[in-house]
Amino acid sequence: MSIPDPVAEDSTPLLPEHDEGYHKGLGSRQIQMIAIGGAIGTGLFLGAGSRLQMAGPSLALVYLVCGAFSFLIMRALGELVMYRPTCGSFVSYAREFLGEKAAFVAGWLSFLNWAMTGIVDITAVALYMHFWGTFASVPQWAFALMALCIVTALNMVGVKWFGEIEFWFSLIKIVALCLFLVVGSVILGVRVPVAGHQTGLHLIADNGGIFPHGLLPCLLLVQGVVFAYSGIELIGTAAGECADVRTVLPRSINSVIWRIGLFYVLSVVLLVNLLPWTAYHAGTSPFVTFFQALGVPGVDTVMNIVVLTAALSSLNSGLYSTGRVLRAMALGGAAPERLARLNSSSVPANGILLTVAVYLVGVMLNYVVPSQVFEIVLNMAALGIISTWAFILLSQIRLRRAVRGGRIPSAGFEMPGAPFTSWLTLGFLGCVIVLMALDYPNGTATVASAPAVGILLMLGWKYMNRDRRPAPPRIPVS
């Protein structure tokens with residue numbers, strides 16, 4: 001049963017129409033895959049190896065806690081989307097419920113996030129391509145440029161192509177994980193030894209227990225694991241171009257929590273019951289380690305294709321998201337007006353091309369300092385991710401306050417436990433920032449750079465408002 005549209009009950013336009021001109025080209029299967037794919041990336045396929053090495057079996061608990069808070073963020077966003085679906089997503093909601101300055105900060109920090117993430121993604125694609133010896137002589141920057149050209153072309157020809165490509169990218173990741181879950185469960189169930197080790201719970205007890213290095217490494221791991229879920233907010237942007245959002249979105253969001261539990265938590269539980277956690281190492285996918293221990297030929301090639309797909313998926317999503325976010329900002333006066341233009345395929349081409357210009361800097365970095373690109377940009381994305389999630393939660397809090405005050409009708413898809421869970425999740429994000437500051441040197445440098453980012457945003461706000469036009473009216477929620 002679809003949820004009624006609360007906006008339809010009030011014919012007074014509250015904000016600039018951010019979705020005018022877009023095609024409703026995303027279907028149910030594509031939205032569901034975007035929801036799943038946004039929560040599953042290289043953080044699981046590749047990053048789980050180093051995290052198991054650092055925290056052992058307790059990684060499953062960290063994934064569970066971070067996954068639960070990620071689900072609450074998605075539910076907060078879902079409540080906002082069901083109130084008013086828009087491609088402007090959290091930028092549009094920040095403008096309506098928190099004001100123009102909040103929308104300006106939210107939008108540009110999100111752009112910073114995806115811009116830095118995209119540079120990481122094109123670098124990852126280049127590194128993954130060098131896995132095959134055939135391409136060893138091809139420069140890293142050349143693969144980075146090729147990946148950027150292909151994904152840019154797909155984003156420029158229409159939302160249907162984005163949705164279709166993202167569907168297949170996500171499907172490849174899910175099939176790979178399902179294959180591991182089935183094979184691993186069968187081997188554990190029939191107690192087949194792996195690499196000379198008898199499988200079972202004793203592998204955890206015999207290797208230091210759940211917390212082999214103590215509780216502190218587990219806590220410090222939270223600030224790294226939480227970023228494995230970055231991209232979950234993409235479903236809010238995609239909802240603006242979904243043909244039947246009020247039926248599709250609640251089902252898609254609610255299904256994410258058990259998929260997080262299945263793919264992240266159960267995968268780690270299986271891994272540490274199939275081999276000692278000490279068998280997994282940084283730089284090697286734990287899934288590759290397991291299948292190689294079984295003697296399966298070609299598994300490293302298959303897994304390299306999967307992580308290559310995950311990187312291309314993230315790059316694809318970044319271009320899609322930034323184009324729509326920049327257009328929403330331009331329509332509200334927080335970005336240059338030319339970024340609001342759509343091309344003949346109803347795509348915000350100028351916003352996408354601005355992001356591509358930043359990604360080209362990443363191509364140059366792959367040429368100049370190919371071995372340091374990850375360290376240069378990876379942690380800079382963290383501030384954008386945390387701020388985006390925080391603005392979603394703050395907007396949802398103000399929305400719920402307006403609903404309780406009778407100023408707007410309920411969206412019918414309320415965040416469970418709000419406002420307590422909203423404030424609890426904000427507190428969790430605050431703890432993540434503290435843990436980042438303790439992660440010397442990368443995390444510490446990221447947090448220390450926040451004042452500089454704030455100064456740049458303040459200067460940008462003053463520049464954009466030198467000839468300030470009247471702000472669009474918004475719902476009084478205080």
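Analyst: The side chain of Asn273 reaches the backbone oxygen of Val269 at 2.7 Å. That is a polar contact, meaning a pair of N or O atoms within 3.5 Å; within protein, one must be able to donate a hydrogen and the other to accept it, and residues adjacent in sequence count only if both atoms are side-chain atoms. Before we go on, please keep in mind that this is a predicted model, with residues numbered from 1 along each chain as its sequence is written. Local features need pLDDT of at least 70 and side-chain atom pairs pLDDT 80 or more, totals for chains, interfaces and linings use all residues, and side-chain values use heavy atoms, leaving out hydrogens and water.

User: Is Asn273 buried or exposed? And which residues does Asn273 touch?

Analyst: Buried means under 20% relative accessible area, exposed over 50%, and partly exposed in between, using a 1.4 Å probe and protein chains only. Asn273 has 3% relative accessibility, so it counts as buried. This residue belongs to helix H12 (residues 245-274); helices here are DSSP runs of H or I with at least four residues, strands are E runs of at least two, and both are numbered from the N terminus. For touching, the rule is heavy atoms within 4.5 Å. Leaving out residues up to four places away in sequence, Asn273 touches Leu188, Thr199, Gly200, Leu201, Leu203 and Ile204.

User: Which side chain is joined to Thr322 by a polar contact?

Analyst: That of Thr355, at 2.8 Å. The Thr322 side chain also reaches a backbone oxygen, that of Leu319, at 3.4 Å. Thr322 sits in helix H14 (residues 299-331) and counts as buried because its relative accessibility is 2%. Beyond neighbours within four places in sequence, its contacts are Phe111, Trp114 and Thr355.

User: Now charges. How many salt bridges does the structure hold?

Analyst: The rule asks for a side-chain nitrogen of Lys or Arg within 4 Å of a carboxyl oxygen of Asp or Glu. The structure holds 3 of these. One joins Arg400 and Glu79, whose closest N and O atoms are 3.0 Å apart. Arg400 is in helix H17 (residues 380-404) and Glu79 in helix H4, so the pair ties together parts 321 residues apart in sequence. Arg400 is buried at 12% relative accessible area, and Glu79 is buried at 2%.

User: And the other pairs?

Analyst: Glu96 and Arg84 meet at 2.7 Å, N to O. Glu96 lies in helix H5 (residues 89-97) and Arg84 in the loop between H4 and H5, so this pair links parts 12 residues apart in sequence. Both Glu96 and Arg84 are buried. Glu100 pairs with Arg95 at 3.2 Å between the closest N and O atoms, and these two residues are buried as well.

User: Which residues of H10 are buried, and what covers them?

Analyst: The buried ones are Pro217, Cys218, Leu221, Val222, Gln223 and Val225. Their cover includes helix H3 (48-55), H4 and helix H18 (420-438).

User: How should I read the chain overall?

Analyst: The chain has 20 helices and 0 strands, and 56% of its 478 residues count as buried. Of the contacts with a separation of 6 or more, 82% link residues 24 or more positions apart. As for confidence, pLDDT is the predictor's confidence in each residue, from 0 to 100. The chain's mean is 80, and 84% of its residues reach 70 or more. Over residues 1-16, though, pLDDT is below 50, and this stretch has 34 contacts in the model beyond near neighbours in sequence.
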